[in-house]
Amino acid sequence: MYKKPDNKNNKAYELIEFKKYVSWLKRKKTKEMEVNGRHYRTIWVDGDNPNVINIIDQTKLPYRFDVKQVRTYNEMIRSISDMEVRGAGLIGAAGAYGMYLASLEAPGDEGFLPFVNNAAQKLKKARPTAINLEWAVDKVEKEIEQAGNTAEKVAAALKAANNIADEDAETGKKIGINGLPLIERASADNIGKPVNILTHCNAGWLAFVDHGSALSPVYAAHKKGVKVHVWVDETRPRNQGAMLTAWELSKAGVPHTVITDNEGGLLMQKKMVDMVIVGSDRTTYTGDVANKIGTYLKALAAYDNNIPFYAAVYSSSFDWIISDGVREIPIEQRSDDEVRFITGLDESGKPVKVAVVTEESPVSNYAFDVTPARLVTAIITERGICDANKKSIASMFPDKFRNND
Ligand code: MRU
């Protein structure tokens with residue numbers, strides 16, 4: 001267990017302590033989420049039956065913690081599109097395990113590859129905005145194609161999916177380590193007061209395999225004893241903030257307050273927000289950030305109030321082809337019902353769905369928006385922090401950057 005020393009007001013001393021903390025964090029096993037004292041990932045291969053994939057059904061949270069078994073790739077497609085699994089990293093891992101399930105279902109010999117290739121096409125269409133899904137499915141498909149006989153192909157699919165899940169968890173941990181100094185610096189300026197961080201949607205461990213992106217630095221700071229407080233946007237229409245982020249933060253004991261999506265601007269004007277940290281479903285190599293609908297408005301308000309706006313981005317969420325995010329990133333449009341109805345508990349504690357918009361009024365439901373790079377203060381990645389522009393992103397990821405211009 002890392003022990004926080006008494007605060008000594010000395011820069012060199014702080015640096016040594018920070019290095020010790022980082023090395024403790026690195027040695028610690030890669031796990032974040034604990035529910036009722038037990039560590040969970042958001043997706044895993046069943047311990048008793050390796051032909052079954054377990055997921056935490058996020059449509060039941062925060063009222064019920066349900067683990068669901070997924071047995072076919074079509075079931076996985078449904079889990080992704082119905083958002084039982086959601087969040088950029090997690091749908092990537094789910095797509096990868098979906099490919100493994102497809103390899104188990106595929107007929108032998110000549111029928112095998114056409115079956116898995118078709119499954120790959122269908123899986124990739126389950127949700128269009130987060131690039132991680134396409135990235136992970138392509139990766140597993142390639143491993144399958146390169147492996148030898150059918151049994152080797154199935155083994156290759158499982159290995160590739162497990163690697164994607166492990167890599168996801170490891171990446172989230174590194175993002176926490178890299179983002180931590182931003183919070184520590186703000187804390188030093190706040191002298192004794194908590195650092196107020198506003199976040200939108202859910203980019204915590206539920207959105208990935210473990211750890212998360214935007215919340216990972218928050219968890220790292222909280223564990224280190226840095227005082228933090230999170231403003232949680234409720235995130236209509238599906239309320240991932242109110243229902244998932246708040247649940248996660250409660251489980252981890254991180255002080256937080258749920259606010260309506262419209263409150264952030266006022267809080268920023270009142271100097272009650274020190275920084276904004278959001279995740280990303282797809283980030284262009286030029287630094288435009290696609291994230292849950294409403295993120296752009298928060299970035300505008302942050303810019304107007306001179307508040308740093310950070311995007312925490314896994315390298316698997318970068319799009320190395322698209323340069324103009326506003327024009328080119330595909331924006332998912334979801335069912336009207338998500339806007340028309342809202343779900344909660346009634347007075348007896350039973351889940352109920354109630355209508356908030358009448359049938360007479362049409363509704364619109366774009367699920368994501370794009371924040372242009374000029375509004376993004378910096379991007380926190382697993383390799384370090386870079387500016388939201390082509391030059392800085394290319395020098396952080398020279399192995400992935402392709403010169404498209
Ligand atoms: O529609 P969701 O819940 O899958 O949305 C994705 C997100 O969780 C957010 O946009 C998040 O901030 C991106 S990082 C996972």
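**View 1. Polar contacts between domain 1 and domain 2 of the predicted model.** On the side of domain 1 that touches domain 2, strand S1 (34-35), helix H3 (88-105) and helix H5 (131-146) each supply at least two residues; helices (H or I, at least four residues) and strands (E, at least two) are DSSP runs, numbered from the N terminus. By class, that side of domain 1 has 16 nonpolar, 10 polar and six charged residues, where Ala, Val, Leu, Ile, Met, Phe, Trp, Tyr, Cys and Pro count as nonpolar, Asp, Glu, Lys and Arg as charged, and the others, Gly among them, as polar. Residues are numbered from 1 along each chain as its sequence is written, and side-chain values use heavy atoms, with hydrogens and water left out. Because this is a predicted model, local features need pLDDT of at least 70 and side-chain atom pairs count only at pLDDT 80 or more, whereas totals for chains, interfaces and linings use all residues.

View 2. The domain assignment gives domain 1 (34-167) and domain 2 (175-396), with bounds that come from an automatic or database domain assignment. Their C-alpha centres lie 25 Å apart, and 32 residues of domain 1 are in contact (heavy atoms within 4.5 Å) with 32 residues of domain 2. The area buried between the domains is about 2,600 Å², of which carbon and sulfur atoms give 58%; buried area is the accessible area (1.4 Å probe) that two parts lose on being put together, summed over both.

**View 3. Salt bridges between and along parts of the chain.** The model has 16 salt bridges, each a side-chain nitrogen of Lys or Arg within 4 Å of a carboxyl oxygen of Asp or Glu, and two salt bridges are counted between domain 1 and domain 2. The side chains of Arg127 and Glu332 meet in a salt bridge with an N to O distance of 2.8 Å. Asp166 and Arg41 also pair through their side chains in a salt bridge (2.8 Å, N to O). Asp166 lies in helix H6 (residues 150-190) and Arg41 in the loop between strand S2 (38-39) and strand S3 (43-45), so this pair ties together parts that are 125 residues apart in sequence.

**View 4. Surroundings of the ligand.** The ligand is surrounded by 17 residues, the closest being Arg86, Arg127, Asp281, Asn291 and Lys292, where a residue is near a molecule if one of its heavy atoms lies within 4 Å of it. A polar side-chain atom of Arg86 lies 2.5 Å from an oxygen atom of the ligand, and an N or O atom in the side chain of Asn291 is 2.7 Å from a ligand oxygen atom. Asn202 places a polar backbone atom 3.0 Å from an oxygen atom of the ligand.

Technical notes
A polar contact is a pair of N or O atoms within 3.5 Å; within protein, one must be able to donate a hydrogen and the other to accept it, and residues adjacent in sequence count only if both atoms are side-chain atoms.
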